[in-house]
Amino acid sequence: MKAIILVGGFGTRLRPLTLTLPKPLVEFGNKPMIYHQIEALAAAGVTDIVLAVNYRPEVMEKHLAEYEEEFGINITFSIESEPLGTAGPLKLAEKTLLKDDSPFFVLNSDVICDYPFKDLAAFHKSHGDEGTIVVTKVEEPSKYGVIVHKPSSPSRIDRFVEKPVEFVGNRINAGIYILNTSVLSRIDLRPTSIEQETFPAIVRDGLLHSYDLEGFWMDVGQPKDFLSGTCLYLSSLTKKGDDSLASSSLPYVHGGNVLIDPSAKIGRNCRVGPNVTIGPNVVIGDGVRLQRCVILKGSKVKDHAWVKSTIVGWNSTVGKWARLENVTVLGDDVTIRDEVYVNGGSVLPHKEIKANVDIPSIIM
Amino acid sequence: MSLQVPSTIPHRAKDGGQGHASTKAVILVKLPPYISPREACAPWLPSFNTESKVEMAMSIHSDVGGPSRGTRFRPLSLDVPKPLFDVAGHPILWHCVTAVSKVPSIHEVYMIGYYEESVFRDFIKDASTEFPNLSIKYLREYQALGTAGGLYHFRDALLKGRPERIFVLNSDVCCSFPLNDMLKLFVDKDAEAVILGTRVSQDAANTFGCIVSDNHTRRVLHYVEKPESYISNLINCGVYLFSTEAIFPSIKTAIKRRTDRPRLVSYPSSENLESSFMYDDEDDEGREKVIRLEQDILSDMADSKQFYVYETKDFWRQIKTAGSAVPANALYLQQALQSQSKELAEPTPNIIPPVFIHPSARVEPTAKIGPNVSIGPRSHVGAGARIKESIILEDSEVKHDSCVLYSIVGWGGRVGAWARVEGTAIPANSHKTSIVKNGVKVQSITILGKECAVGDEVRVQNCVCLPYKELKRDVANEIIM
């Protein structure tokens with residue numbers, strides 16, 4: 001089977017992290033975001049993966065070569081010289097997707113969930129129509145495009161309602177699809193939207209179905225959601241009893257959902273959790289309090305610091321008694337001096353912060 | 001203690017009579033009327049009488065003017081009168097008395113104020129033991145008389161033994177009190193009055209009493225209290241040395257003038273004509289008795305007396321708002337450091353001098369303290385806590401891994417683990433204790449009143465918290481009732 005992952009542009013919403021690495025390589029739960037997707041696709045029997053990007057992907061090539069080997073799959077890039085929207089890239093990658101007659105998966109690279117590819121393929125095969133959209137239930141459907149089914153069928157889609165004022169349903173497009181190759185003939189090679197042009201056309205023919213996603217789902221394209229998504233992901237690991245999580249019997253683990261790379265060092269009298277990921281070679285000092293945060297590779301959090309709702313980018317240093325909170329994001333190689341407070345600061349790479357950041361702001 | 005005093009005074013007076021000029025000291029401990037009994041503890045502090053005939057009056061008075069007078073040291077003054085508030089390990093008054101004790105000719109100190117007698121009882125007892133050469137007494141005003149009115153009211157006590165000179169100190173001043181230098185100038189110039197002056201920034205000057213002086217002779221040419229326009233950046237420090245023959249007649253003249261006509265606050269102009277005639281107090285009886293040095297005496301002295309200014313290059317701050325205790329604490333600690341005081345904690349990698357830790361306080365070795373921190377009796381600072389530029393009052397608990405910066409933790413306060421209690425640094429030469437954040441004026445220093453508790457991991461920034469409150473959520477830029 002085949003899959004195309006829509007990576008798109010520079011991931012500006014996830015800056016300052018994406019000033020250093022392309023978004024698919026930013027670690028989510030201590031693995032690059034795209035690793036989660038490739039791993040799940042390979043497990044479902046996918047052998048060919050296209051990454052649709054609109055920038056030069058040199059930095060990614062090395063990593064992807066490793067994944068090709070690890071999973072025994074082929075990964076190719078489809079490079080847009082101009083942005084082609086969400087449908088155009090499919091046409092551009094037509095050659096790979098038309099390699100055989102089997103349907104192909106389409107994924108937005110920002111979406112994190114328990115990928116249900118095997119089950120999704122089986123469901124798609126069972127109804128035999130042209131496409132299947134994964135849908136997830138949300139509490140406030142008025143912010144999204146909602147899917148409405150035909151009265152006669154639990155899965156066949158009747159129409160899409162964009163940002164409904166009145167309640168018409170609470171299932172929204174989760175950004176994951178499985179489509180027959182015939183869909184490619186519905187797409188022109190131009191900037192075009194799969195949600196607004198291609199799907200409505202298939203719906204008119206009554207050939208599009210929905211598939212309900214079990215478990216968590218999150219678009220982690222921006223820092224706030226990246227943190228929320230991390231919480232959901234870690235909770236899901238806990239629910240599954242995943243043994244990569246730090247044991248609750250460790251003295252410093254507090255409230256569970258803590259993922260620590262084996263190479264990381266944790267000092268004495270720390271309190272870590274809930275919802276914390278600590279990357280490789282991270283050094284946590286003594287008496288540090290971490291909760292709802294992501295500490296990326298090679299960073300250092302010094303003694304007595306307090307970190308909450310924060311992403312500490314690679315190779316950064318958080319000073320003693322520093323306090324970071326409210327969706328603070330540190331880029332690569334940032335230094336927060338001792339005793340400094342940062343409230344919702346977005347700090348670009350290679351900066352040193354010497355004075356408090358009292359109100360959310362971007363530090364260039 | 002008070003029984004021992006009379007036996008020593010005649011002896012001193014006799015000494016004075018043998019040719020040493022005697023000086024007394026008066027510390028003015030003023031507090032306005034209509035304040036809660038506790039706060040009303042701190043008005044006029046007594047004067048100190050000395051061996052040679054210099055008398056010292058310390059005016060322990062709090063702020064004068066405005067409807068909120070005397071309340072600016074809240075919330076701390078809700079529990080302790082300002083003159084007795086501890087900075088650098090000792091009551092504010094103690095620093096005044098210590099300075100007075102360094103003038104050899106002073107043997108009597110009178111504190112004049114409006115507080116009840118009981119308020120200063122323990123302080124006087126302790127200070128009399130610590131300064132055995134000083135007789136320290138408290139003279140209580142039963143109605144607010146103003147800084148000069150109080151002196152005049154107690155003139156019989158102050159003039160007993162015929163002192164030639166009298167130092168008058170306001171107790172809400174934090175400075176090095178270069179009294180001996182003032183005394184030297186006084187003698188050199190054969191002066192009738194010497195005022196301590198200091199330079200402040202031009203834009204801050206008009207919030208103080210401004211002195212115009214002759215650069216060479218140091219003679220005071222003109223004095224205006226809180227002028228509307230810029231006159232001079234040499235300002236009144238609230239510390240004076242007067243010849244007794246000059247000051248008491250001057251006050252008497254002012255009182256007489258007062259009874260003849262209302263006080264002229266400033267030179268009338270078309271803009272302020274209506275407001276320029278003001279009564280000091282609501283009731284007419286009180287009005288006639290309130291005479292202030294600053295408004296009613298000094299200006300006249302500049303015109304008619306041998307009035308000189310001693311300009312200090314050393315530190316000087318007013319202790320007005322509660323937050324100003326933090327810079328005062330820092331300045332007195334630095335003074336103690338420079339004089340190699342044995343009271344200060346020994347520097348270590350985790351003790352950044354100057355730091356005062358009361359012998360009964362416990363500080364875990366991994367806590368990092370300083371600079372400019374005082375930790376009061378029986379307080380406990382937990383492992384890995386950080387305290388900088390702050391005052392921790394007695395019986396407080398600062399738990400592990402917490403952080404306290406530019407703050408005052410009131411008596412019996414609790415700061416939870418990983419909590420952060422934070423104010424904002426006051427620039428080194430600023431006389432302001434508030435800052436504007438997001439367009440709102442807030443206190444620079446965070447103050448937790450008595451027995452306030454900050455929960456674990458909670459952050460408190462630029463807040464003033466009244467006594468007995470528990471803070472469970474993050475707060476910033478607020479007064480918490």
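The model is predicted, so to speak from the start: local features need pLDDT of at least 70, side-chain atom pairs count only at pLDDT 80 or more, and totals for chains, interfaces and linings use all residues. Residues are numbered from 1 along each chain as its sequence is written, chains are lettered from A and ligands numbered from 1 in the order in which they are written, and side-chain values use heavy atoms, with hydrogens and water left out.

Chain A splits into domain 1 (2–219) and domain 2 (236–363), with bounds from an automatic or database domain assignment. The C-alpha centres of these two domains of chain A sit 32 Å apart. Where they touch (contact being heavy atoms within 4.5 Å), domain 1 of chain A puts in 11 residues and domain 2 of chain A 21 residues. Together the two domains of chain A bury about 1100 Å², 66% of it on carbon and sulfur atoms; buried area here is the accessible area (1.4 Å probe) that two parts lose on being put together, summed over both. On the domain 1 side of chain A, P16(A), L17(A) and N30(A) lose the most area, together 47% of what that side buries. The count of salt bridges between these domains of chain A is 2, a salt bridge being a side-chain nitrogen of Lys or Arg within 4 Å of a carboxyl oxygen of Asp or Glu. K297(A) pairs in this way with E27(A), with the closest N and O atoms 3.9 Å apart.

Helix 6 of chain A covers residues 194–204; helices (H or I, at least four residues) and strands (E, at least two) are DSSP runs, numbered from the N terminus. I194(A), T198(A), F199(A), A201(A), I202(A) and V203(A) are buried in this helix, that is, under 20% relative accessible area (1.4 Å probe, protein chains only). Those buried residues pack against several elements of chain A, among them helix 3 (88–92) and strand 8 (131–137). Just past helix 6 of chain A, G206(A) has a positive phi of about 70 degrees.

As for the chains, 21 residues of chain B meet 19 residues of chain A. They bury about 1500 Å² between them, 41% of it on carbon and sulfur atoms. W418(B), R420(B) and E457(B) lose the most area on the chain B side, together 41% of what that side buries. The count of salt bridges between chain B and chain A is 6. E339(A) forms a salt bridge with K388(B), the closest N and O atoms being 3.0 Å apart.

How values were computed. Buried means under 20% relative accessible area, exposed over 50%, partly exposed in between (1.4 Å probe, protein chains only).
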